[in-house]
Amino acid sequence: MELSEILSSISDEDMKKLQETAKSLLGSGGAAGQQMPNLGGMDPQMLGQISKVASMLNRPDPRCDFLMALKPLLSRDKQGRVDEAMQLLRMLSVLPRIMELGGRK
């Protein structure tokens with residue numbers, strides 16, 4: 001399973017839990033002594049970082065908008081290639097953040 005598939009499979013409820021966890025970890029909006037939600041043994045900091053990467057994948061991108069506008073004018077084969085190009089553009093946009101998480105700059 002690809003990273004984009006995993007991130008897109010996160011429900012809105014899961015995303016809200018991740019955002020609440022991230023807020024409590026970063027001290028913005030989290031009350032002191034607030035109980036952390038059960039994360040199934042996952043690292044809350046890493047979940048917060050994944051949440052940020054997921055939100056980056058969902059940001060509007062004018063390059064993807066342009067490709068989507070062209071898509072109906074193309075053959076089926078090329079429409080599939082447009083989908084692949086849009087996935088690649090989205091992944092390239094989050095790559096620097098993923099590299100930061102891995103300790104590489």
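The model is predicted; local features require pLDDT of at least 70 and side-chain atom pairs pLDDT 80 or more, while totals for chains, interfaces and linings use all residues. Residues are numbered from 1 along each chain as its sequence is written, and side-chain values use heavy atoms, with hydrogens and water left out.

The protein chain contains five helices and zero strands. Helices (H or I, at least four residues) and strands (E, at least two) are DSSP runs, numbered from the N terminus. The order of elements from the N terminus is α-α-α-α-α. Of the 105 residues of the protein chain, 24% are buried. Buried stands for under 20% relative accessible area, exposed for over 50%, and partly exposed for values in between (1.4 Å probe, protein chains only). The accessible surface of the protein chain is about 7,900 Å². Carbon and sulfur atoms contribute 55% of that surface. Accessible areas were computed by the Shrake-Rupley method with a 1.4 Å probe; for residues, only the protein chains shown count as cover. A contact is defined by heavy atoms within 4.5 Å. Among contacts in the protein chain with a separation of 6 or more, 56% involve residues 24 or more positions apart.

Helix α5 (76–101) has 26 residues. Its span from first to last C-alpha is 37 Å, close to the 38 Å expected at 1.5 Å a residue. The expected span is 1.5 Å times one less than the number of residues in the helix. Helix α5 bends by about 40° at L95. A proline, P96, follows within four residues. The bend at a residue is the angle between axes fitted to the seven residues ending there and the seven starting there. The buried residues in α5 are Q79, V82, M86, L89, V94 and R97. Their cover includes α3 (44–57) and α4.

Helix α3 has 14 residues. It reaches 20 Å from its first C-alpha to its last, close to the 20 Å expected at 1.5 Å a residue. In α3, the buried residues are L47, G48, Q49, S51, V53, A54, M56 and L57. L47 lies in helix α3 and counts as buried because its relative accessibility is 10%. A54 and V94 are 40 residues apart in sequence, yet 8.7 Å apart in space, C-alpha to C-alpha.

Charged pairs were examined next. Side chains of opposite charge can pair when their charged atoms come close. The structure holds three salt bridges, each defined by a side-chain nitrogen of Lys or Arg within 4 Å of a carboxyl oxygen of Asp or Glu. R63 is partly exposed, at 45% relative accessibility. D61 is buried, at 13%.

Another salt bridge joins K71 and D83 at 2.6 Å, N to O. This pair links distant parts of the chain, 12 residues apart. K71 sits in the loop between α4 (62–70) and α5, whereas D83 is in helix α5. K71 counts as buried, at 18% relative accessibility. D83 is partly exposed, with a relative accessible area of 31%.

A further salt bridge pairs E100 with R97 at 2.8 Å, N to O. E100 and R97 are three residues apart in helix α5, so about one helical turn separates them. E100 is partly exposed, with a relative accessible area of 43%. R97 counts as buried, at 18% relative accessibility.

A nonpolar patch on the surface is formed by L88, L92, L95 and M99. Together these residues have about 360 Å² of accessible area. Patches are made of residues with over 30% relative accessible area and no salt bridge; like charges are joined within 9 Å, and nonpolar side chains (Val, Leu, Ile, Met, Phe, Trp, Tyr) within 5 Å. L88 is found in helix α5. L88 counts as exposed, at 53% relative accessibility. L95, in the patch, is also the residue at which α5 bends.
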